[in-house]
Structures are given as structure tokens and as C-alpha cells.
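Hello,

Here is the structure I promised to pass on to you. Have a look at it first, and then read on for what turned up.

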Amino acid sequence: MILLALVLQTQMHVHYAWGWHGGYYLTDEVDTGQAFDKLFDLLETLPHLKAVLEIEPYTVERMLHGEKFEVERRGRSEPKLIGWQIGGVGKWSSAIGKEFVRNGKVGVRLQFTEGEYVHALQQVRGEKVRGKTLVFSGYIRSHKGSGAHLYIDAWSHSGYIVGSSRISERVPSDGNWHFVKVELVVPPNATKIFPQAKIAFEPTVADFDDLSLVVKETGEELLTNGDF
């Protein structure tokens, strides 16, 4: 929720602008950034307006791990991921840049130290691909540890669909790029599919690039910005 206050001499007029809370997995990053830009432009044009923003505890936690949000207006000249969210449980870190790339300008590095996992995740709608086979593939280069892999699962309105998890082979820490893939037959009640570049199991440092999620029957690409 955003609270805007207009101060006129001794009186204060308060206006409430309601939003929605879907968690950072469900938030469109581009739309969120544009909304913040419009709000900041308004506040700079009309300095008598004041705004109060509600920030969830897990958002603050992600900021402690180095996440840069538009509300801070930091890092605007740095590359940032579009269509992907990075998160984890435990001690982890992430970075994007040309030094992690296999092809193109930007790749992703994930480092997992302890805990459960770290991943780069994207949400894909599941209704239109129910019953179809999805092929999730990409390239991984591990510098330390053998916990890096690709992971995909399906969710319904009720939550995680038991038995839908699929995991690729884990790549060795030889400093070379390895192509891996995994297939998922989408359950008939799936509403969301979550393809992930992931590290778990043991401390690992690995780079990810050139990911793809294709409908096997039609060849349709479902990922947005698979090359980061």
C-alpha cells in the first residue's frame, strides 16, 4: 500500500492508493519499476507531497543480500535481470555480468554457502501447456562444488503438485560449460510452472547462461529472456 499525504498549511489531506501483494515471485519487475518511476517523478514535481511505502520483511532480507530495488534509485546504470527473480534459503549470493557469460553480454553467477538452496526463478503459466511435455535446458559452468543443476516443478491453485519436481544432472566443478536438460509432463491441474537455475546439496559456485523452456510438441519457447 502507498500512502500519499498532501499538506496544505495546517491541514493534511491523505489519499490511499491500494496495490496487491503477490510476493516477489509474482511481481512483474518492469511494471513495478515503471510504477516507482512515475511516483518519484510526481514527488519531485510536487515537493509538498509525501509518500509512505510498505516494504515486506522478506524484501528487506533480499536487500541485505545485495538486491537493488527501484525505490532506492541505486544501480540504474548497472545491468539487471528482466523476467527472473533470484532468491534462496540460507547463506548465498548472486551476480550478473559479462565475466559469467557463455554467449552474449550477460550471464548469472550463483554462490551457495550453506542452508537449503539458491536459485534464479521464472514463473510460466501452466494452463495452456497442461498434458504437454516441456524441455528445460541450459548451460552451467561450475567453479567449485557439484551442486549446480536445473530444476523445474508445477503448482496448482492448492500449492505444489506432489511428484512434479524434475532435476537435471549436477555438473562437475571442472570450469567448463556443460549442457544439461530435463523434461516435465505438465500435470492436468497445473496453473504455474517454475523453471529454475539452482544450486543445492553442497557449497558451490557456478555460472548459468542460455536457458530455454520449450514445448516439445510444438517447439514454442516459453521462457522470457533465457539468455539473461
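**Aromatic pairs and what surrounds them**

Searching the whole structure, which is a predicted model, turns up four aromatic pairs. One of them brings together Trp155 and Tyr160 edge-to-face, at 6.0 Å centre to centre and 65° between the planes. Trp155 is partly exposed, with a relative accessible area of 32%, and Tyr160 is partly exposed too, at 34%. Trp155 also pairs with Phe194: the ring centres are 6.0 Å apart and the planes stand at 90°, so this pair is edge-to-face. That pair links distant parts of the chain, since Trp155 belongs to strand E8 (residues 148-156) and Phe194 to strand E12 (residues 192-200), 39 residues apart. Phe194 has a relative accessibility of 7%, so it counts as buried. Together, Trp155, Tyr160 and Phe194 make up one aromatic cluster.

Charged side chains meet rings as well. Arg102 lies over the face of Tyr139, 3.5 Å from the ring centre, while Lys198 lies over the face of Tyr117 at 4.8 Å.

Now to the strands. The chain has 13 of them, along with two helices. Strand E7 (residues 133-144) is mostly covered, with nine of its twelve residues buried. Nine bridges tie E7 to strand E11 (residues 177-185) in an antiparallel arrangement, with Thr133 opposite Val185. E7 is also joined by nine bridges to strand E13 (residues 204-215), again antiparallel, and there Ile140 has Phe208 as its bridge partner.

For the chain as a whole, 39% of the 228 residues are buried.

Enjoy exploring it!

Notes. Residues numbered from 1 in each chain as written. Predicted model: local features only at pLDDT ≥ 70, side-chain atom pairs only at ≥ 80, totals over all residues. Heavy atoms only, no water. Buried < 20%, exposed > 50% of the residue type's maximum accessible area, 1.4 Å probe, protein only. Helix = DSSP H or I, 4+ residues; strand = E, 2+ residues; numbered from the N terminus. Pairing = 2+ DSSP bridges. Phe/Tyr/Trp six-rings, centres within 6.5 Å; stacked < 30°, edge-to-face > 60°. Lys NZ or Arg CZ within 6 Å of the ring centre and 35° of its normal.
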